[in-house]
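Colleague: I have not seen this one before. Can you walk me through it?
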Amino acid sequence: RAWRLDGLKTKVSLWSGNEKIAEKQVELPTSGQTVPVKFEITPEKAGVRYYTVRIPKLSGEVSLSNNSHTVSLKVLPSKKKVLLACDHLSFEVSFIRRAIESDPHIETSVFAKRGGGDVPFKLFPLDTSKLDKYDAIVLIHFSPIMTEPVAKAIADYVKFGGSVFWMLDDSSPSKRALSKINEIMPAKISSGLS
């Protein structure tokens, strides 16, 4: 945006830190109109990035304070990975999967103990090496699978930064499994099978 500089041409540059990554020439307007300038970039890594748009000093300018503007951009990994884990496939599993997959930034996989899943393991993992590939785990109809070793694996996954959402139902895992899972729950579950 400029005033009283009709027809003057200048360069607009895009910077990441001290590195100029793009530049375009623009013709400035007369009376405060906005001239759009579009830069397309593809960041190579996820994380927060800072970009600065700059124009050089023009003759007659009184202040340079509005000749640059910095913005931050949070670059996400290509897709978040969510594991839906269940004893058996059901309407609830299908509903949750469709709801999660409506977000184009999320990819889901399904583990179903009684078959029908699409994960590369047949039993629910008892260590975090296979679980760490997922950003979150959603547990549905999971009590029949929640043995003490499975509960320990889930607790370890959460302790090392994983996220778990457990949809409780009317079944209950063993007390020993609950003692492990209670280590990471925001509220304690006191019932359980002997």
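Colleague: Leaving aside neighbours within four places in sequence, which residues is His 141 in contact with?

Modeller: This is a predicted model. In it, His 141 touches Cys 86, Asp 87, His 88, Ser 90, Glu 92 and Val 93, and also Met 167 and Asp 169.

Colleague: Which side chain does the side chain of His 141 make a polar contact with?

Modeller: That of Ser 90, at 3.1 Å.

Colleague: And where does His 141 lie?

Modeller: In a loop, with β7 (136-140) on one side and α3 (148-159) on the other.

Colleague: Does His 141 count as buried or exposed?

Modeller: Buried, because its relative accessibility is 16% and the cut-off for buried is under 20%.

Colleague: What share of the 194 residues is buried?

Modeller: Buried residues come to 31% of them.

Colleague: Switching to the fold: how many helices and strands are there?

Modeller: There are four helices and eight strands. Starting at the N terminus, the order is β-β-β-β-β-α-β-α-β-α-β-α.

Colleague: Is the protein a compact globule or more spread out?

Modeller: More spread out, because its radius of gyration is 27 Å, well over the 16 Å from the globule rule for 194 residues. Along the principal axes, the C-alpha atoms fill a box of roughly 85 × 30 × 25 Å.

Colleague: What about the contacts with a separation of 6 or more?

Modeller: Of those, 58% are between residues 24 or more positions apart.

Colleague: Last topic, charge. How many positive and negative side chains are there?

Modeller: The protein has 28 positive and 21 negative ones, and the centres of the two sets are 3 Å apart.

Note on methods. Residues are numbered from 1 along each chain as its sequence is written. This is a predicted model: local features need pLDDT of at least 70, side-chain atom pairs count only at pLDDT 80 or more; totals for chains, interfaces and linings use all residues. Side-chain values use heavy atoms; hydrogens and water are left out. Helices (H or I, at least four residues) and strands (E, at least two) are DSSP runs, numbered from the N terminus. The radius of gyration is taken over C-alpha atoms; the globule rule is 2.2 Å times the number of residues to the power 0.38. Buried means under 20% relative accessible area, exposed over 50%, partly exposed in between (1.4 Å probe, protein chains only). Contact means heavy atoms within 4.5 Å. Lys and Arg count as positive and Asp and Glu as negative; His and the chain ends are not counted. The place of a charge is taken as NZ of Lys, CZ of Arg, CG of Asp or CD of Glu. A polar contact is a pair of N or O atoms within 3.5 Å; within protein, one must be able to donate a hydrogen and the other to accept it, and residues adjacent in sequence count only if both atoms are side-chain atoms.
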